[in-house]
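Visitor: Please take me through one part of this structure in close detail. I would like the metal sites, and then whatever surrounds them in the fold.

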Amino acid sequence: MYYRFCLLILIIAGSNFACSKSDQTATGSSSGTTTTTTAYADLFIPPAITGTSFNLTLDKSTKQFKTGAATATYGYNGNSFWGPTLIMNQGDDVQINVTNALSDQTTVHWHGFHIPAIMDGGPHQIIDAGGKWSPNFKIKNNAGTYWYHPHLHMKTYEQLAKGAGGFIIIKDPAESALALPRTYGIDDIPMVFTSRRFNTDNSFDISGAYGDYQLTNGTMNAQVTLPKQYVRLRMLNAEIERGYDIGLSDNRQFYIIGNDGGLLNAPISVKRVKIMPGERVEILVNLGADALGSSIDLKAYNSGQSFGFPGAEPATTGDFGSLLNNKDFSLLNIKVGASTTNAITALPAKLANNTYWTNADVTNSRTINITGGQAGSAFTFDNNTYGFTKINQTINLNAIEKWTIVNNNIFGHSFHVHDVQFKIIARSSGVVGDHESGWKDTVYVPLGETVTVIAKFDDFSDGVNPYMYHCHFSNHEDGGMMGQFLVK
Ligand code: C2O
Ligand code: CU
Ligand code: CU
């Protein structure tokens, strides 16, 4: 089929057109008509490691993204981009051995985890080039989709952009008791979204906010065959800055079952869900009524977003431009294959029994203002740029705190807090989205909005080692949009 299409194009376009499987799109044109076809590549499914002891080695690698030279990348455990998925059980004591095979320092942060500050892998837990770091901690989080990534101050953007990152899936008895898809790589698919721009020598351009080419699990033009039944997609936005407004190409309903900190209390039926840098959303898609061999696209419906939505800018080039800006584009082509023997064919009515914090529980409140960003200066919180030895907030152990994040300033941001999972109780626009109604560690704060969250800072106190709160746009974080807090 592909071959025949190529032949046709060759006849129309003449000898100066060559079919290429490695280019993002092959386009031929003649007499004012343009024909475009997409050469798909198999979605990379990161290998999974299960247990209580995990070894991670971050090293340089290369990956062939485009015709010509391979691109210099980073990956954990020999992967050419990204790293293995770590599967952990709630209640386990885990030991992780991280080796840094780079010629640069790094750190590894366990995003979303409730663990001691010294195990957190933030900017203070530096692993020198050639060095090792061996944190250990008890898994206290709920079943859900978490992730690990470098957090070296002023190098987070570069190291993440080169491909350093990985999923962590936590399991617990309550989630395991539900009839949900959970066969990794078959009906339970981890899916990380990002995009990259390339220099003319095919190296990554690590400068602007947005990439020109979308990558799902590091795969350009990704395609996967999924069984004809309910499938679970664990979606992570690991972009530098771009947001995604996700839907399916036939506009069908799908079901949000979880967000950052695990399952929602019940599935929520939607046609679109927004996911911002650092956030996770787990969805179920029903492929049970689809014809075998048919296909459907998971897409980003990013055209026509309002100003301040990262990636809505009209420019196609420059620091805030990209070929994907203000466009709808495909994230994954899903081909429908045969169902499995243990197929999930129904949607559970109930998922969890989360009881969330309310205003009545609050023991202390604080306000954080988004500042800076004027005339090319960096964004900040409360007019303070990040300081390695600066403690911006001190919190009493066991406090239940209400944080109000105020954004009357220029652009939207993704606000992330380490150590805790919080409940979003208010947005000044009046709407807390269904997709963000569970436990969260990252919240999008659009331009012109004030967002209020409540968290309990329990279990771990440390008078010396801080946790971070920061914008999860890694260019903003590196630029100083980060603060430190002690729990003591
Ligand atoms: Cu995923 Cu402090 O970050
Ligand atoms: Cu984090
Ligand atoms: Cu920001």
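Guide: What follows starts with the whole chain, moves to the copper sites, and ends with a loop residue and a strand.

This is a predicted model. The protein has four helices and 35 strands. Its 488 residues would give a compact globule a radius of gyration near 23 Å, and the value here is 22 Å, so the two agree. The C-alpha trace spans about 75 × 50 × 45 Å along its principal axes. Of the residues, 57% count as buried. The accessible surface comes to about 18200 Å². Carbon and sulfur atoms account for 51% of that surface.

Now the copper ion that is ligand 3. Its donors are ND1 of H413, SG of C471 and ND1 of H476. The distances run from 2.0 to 2.2 Å. Along the chain the donors follow the spacing H-x57-C-x4-H.

Next, the copper ion that is ligand 2. H109 and H416 coordinate this ion, each through NE2, at 1.9 Å. H109 belongs to strand 9 and H416 to strand 30, so this pair ties together parts that are 307 residues apart in sequence. H109 has 1% relative accessibility and therefore counts as buried. H416 is buried too, with a relative accessible area of 1%.

The loop between strand 8 (93–100) and strand 9 (109–111) holds T106. Is T106 buried or exposed? T106 counts as buried, because its relative accessibility is 1% and the cut-off for buried is under 20%. Its side chain makes a polar contact of 2.7 Å with the side chain of Q159. Leaving out residues up to four places away in sequence, T106 touches L58, N100, Q125, I126, I127, P150, L152 and Q159. Q159 is therefore on both counts a neighbour of T106: a polar partner and a contact, given that polar contacts lie within 3.5 Å and contacts within 4.5 Å.

Last, a strand elsewhere in the chain. Strand 19 covers residues 244–248, and five of its five residues are buried. Both faces are covered. One side carries Y244, I246 and L248. The other carries D245 and G247. Strand 19 also has paired neighbours. Three bridges join strand 19 to strand 22, residues 273–275, and the two run antiparallel. Within that pairing, Y244 has I275 as its bridge partner. Strand 24, residues 295–301, pairs with strand 19 over three bridges, again in the antiparallel sense. There L248 stands opposite L298.

Technical notes:
Residues numbered from 1 in each chain as written. Chains lettered and ligands numbered in written order. Predicted model: local features only at pLDDT ≥ 70, side-chain atom pairs only at ≥ 80, totals over all residues. Heavy atoms only, no water. Buried < 20%, exposed > 50% of the residue type's maximum accessible area, 1.4 Å probe, protein only. Pairing = 2+ DSSP bridges. Donors = N, O, S within 2.8 Å, 3.2 Å for Na, K, Ca; no water. Polar contact = N/O pair within 3.5 Å; in protein donor to acceptor, adjacent residues only side chain to side chain. Rg over C-alpha atoms; globule rule 2.2 N^0.38 Å. Areas by Shrake-Rupley, 256 points an atom, 1.4 Å probe, with all protein chains shown as cover.
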